[in-house]
Amino acid sequence: MRYRLPNLNKEEKEFWEKNKDYAVVYTKTELAKLQKINRDQVTTNRTRSWLYEHCGIQPHEFLLKKVDSYSYDPTVEIRFNGTDIMAIYRLAI
C-alpha cells in the first residue's frame, strides 16, 4: 500500500484516506479482462471512462491510482465514495 501520495491534491488525499474501506485492487491483466480489451490498451483514462460508461459511476464518486507501477503487471486501486457506489460497481461487473 502507498504511504506517500505526492501526486494527489488536498481534496484527493482526503477522499483517498476517508474511503480506504471501499477499495478494490486489480492488476493490469485483471482490468483488461474486465474491460474486455487487450492488456496493452489498459490506461488510467480508459479505465475511468469504462467505469463511467459501463458501470454508470460518476467521475467524482471514485478515485483511481496506480499503487505499484514498477512491476511488469502494475496494480491499480479504485476507491469508491461509500457503500452505495461500491454496490453499483459490484452489480455492473
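My notes follow, entry by entry.

**Ground rules.** I am working with a predicted model, where local features need pLDDT of at least 70, side-chain atom pairs count only at pLDDT 80 or more, and totals for chains, interfaces and linings use all residues. Residues are numbered from 1 along each chain as its sequence is written, and side-chain values use heavy atoms, with hydrogens and water left out.

**Salt bridges.** How many salt bridges are there? I took a salt bridge to be a side-chain nitrogen of Lys or Arg within 4 Å of a carboxyl oxygen of Asp or Glu. The count by this rule is two.

I looked up R39 and D73, whose side chains form a salt bridge at 3.4 Å, N to O. R39 sits in the loop between α2 (28–35) and α3 (44–53), and D73 in the loop between β2 (62–68) and β3 (75–80), so the pair ties together parts 34 residues apart in sequence. My helices (H or I, at least four residues) and strands (E, at least two) are DSSP runs, numbered from the N terminus.

Next I checked accessibility, with buried meaning under 20% relative accessible area, exposed over 50%, and partly exposed in between (1.4 Å probe, protein chains only). R39 is buried at 17%, while D73 is partly exposed at 23%.

I then turned to R79 and E77, a salt bridge with its closest N and O atoms 2.8 Å apart. R79 is buried at 1%, and E77 is buried at 6%.

**Strand β3.** Is β3 enclosed or open? I found six of its six residues buried, so β3 is largely enclosed by the rest of the structure. In a regular strand the side chains alternate between the two faces of the sheet. Here both faces are covered, with T75, E77 and R79 buried on one side and V76, I78 and F80 buried on the other.

For pairing, I asked DSSP for at least two bridges between two strands. β1 (residues 23–27) runs antiparallel to β3, joined by five bridges, and A23 has R79 as its bridge partner. β2 also pairs with β3 in the antiparallel sense, over six bridges, with F62 opposite F80. I noted that β2 and β3 make a hairpin with six residues between them.

**R48.** Last, I visited R48 in helix α3, which is partly exposed at 34%. Leaving out residues up to four places away in sequence, R48 touches F62 and L64, where contact means heavy atoms within 4.5 Å.
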